[in-house]
Protein chains: 2
Amino acid sequence: MSDPLSRTFLALADPTRRAILSQIAEGAQSVTALVAANRLSQPGISKHLKVLEEAGLIRRERVSRTRPVHLDPRGLQLAGAWIDHYRKYWEGAFDRMDALIARLNEEAAKNGRQ
Amino acid sequence: MSDPLSRTFLALADPTRRAILSQIAEGAQSVTALVAANRLSQPGISKHLKVLEEAGLIRRERVSRTRPVHLDPRGLQLAGAWIDHYRKYWEGAFDRMDALIARLNEEAAKNGRQ
DNA sequence: TGGTTATATTTCTATTTGGTAATACTTTGG
DNA sequence: CCAAAGTATTACCAAATAGAAATATAACCA
């Protein structure tokens, strides 16, 4: 699984990583701050950061000894664009769902009658 | 990893599963049709379908012996809403990225000069 | 310089995932 | 009813992931 889109969705498929994104949404945070905010070991956090970075979801700056972690809009853009592309099918899917549910109810009623 | 959002993103983090969603975007497909379209064994496809179903991305109808697979808007809605929530930080992140890149270039120039 | 802080990397382990092959189940058509 | 089609489930394997602990690296400061 090495395509960028898969990497990005996989990176988003973890609560700790989404929490990190949430924590840096309004401004950069140091790794140490992220370790304190999430109860996980420092190597654990660094590993998650690597996954997020390779997914294009974060960027690291270098400020003195610290490496503040920023949101990177590119990964979110990639994932959002994919989902947006399918949004045009959502309404149609809703309609078809309605039809499906109606049909299932009908069948259930029919079976109930037997 | 058992929360719905993680399940949905994980389901999207696979090219075969995204291909399946693409194939049913404009209308339901039988499992057999999906097996033919993706070169993977039938159990392989069924396994992917199970992942997609548990992620709220597909629904299965029952028509005679076949089980046509439909898009389910709920999973896409869930993932899309999460990403949308972060969209408001994107512009800000772009601005910060510009600042970051400027700073990095500045430092590179400085280092180059030495 | 040497000590300390901040972060990354390595190593190891348990769990999960993606795949195939074999088998079971279910429904319908003859 | 029974044979076959359509699909699901089971059993198994290889590879990837998530986590902790230990160690290495890098930059600042006294």
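How do the residues of the surface near DNA strand C divide into nonpolar, polar and charged? There are 6 nonpolar, 9 polar and 8 charged residues. Here Ala, Val, Leu, Ile, Met, Phe, Trp, Tyr, Cys and Pro count as nonpolar, Asp, Glu, Lys and Arg as charged, and the others, Gly among them, as polar.

## About the model

This is a predicted model, in which local features need pLDDT of at least 70 and side-chain atom pairs count only at pLDDT 80 or more, while totals for chains, interfaces and linings use all residues. Residues are numbered from 1 along each chain as its sequence is written, chains are lettered from A and ligands numbered from 1 in the order in which they are written, and side-chain values use heavy atoms, with hydrogens and water left out.

## Around DNA strand C

A residue is near a strand if one of its heavy atoms lies within 4 Å of it. Around DNA strand C there are 23 residues, and Thr32(A), Gln42(A), Arg60(A), Lys47(B) and His48(B) come nearest.

Some polar contacts (pairs of N or O atoms within 3.5 Å) reach the phosphates: the side chain of Thr32(A) is 2.2 Å from a phosphate oxygen of DNA strand C, and that of Ser46(A) is 3.1 Å from one.

## Around DNA strand D

DNA strand D is surrounded by 21 residues, which divide into 6 nonpolar, 8 polar and 7 charged.

## Where the two chains meet

The contact (heavy atoms within 4.5 Å) takes 39 residues from chain A and 40 residues from chain B. About 3700 Å² is buried between them; buried area is the accessible area (1.4 Å probe) that two parts lose on being put together, summed over both.

Across this interface there are 4 salt bridges (a side-chain nitrogen of Lys or Arg within 4 Å of a carboxyl oxygen of Asp or Glu). Arg87(A) and Asp84(B) meet in a salt bridge at 2.7 Å, N to O.

Conventions: Polar contact = N/O pair within 3.5 Å; in protein donor to acceptor, adjacent residues only side chain to side chain.
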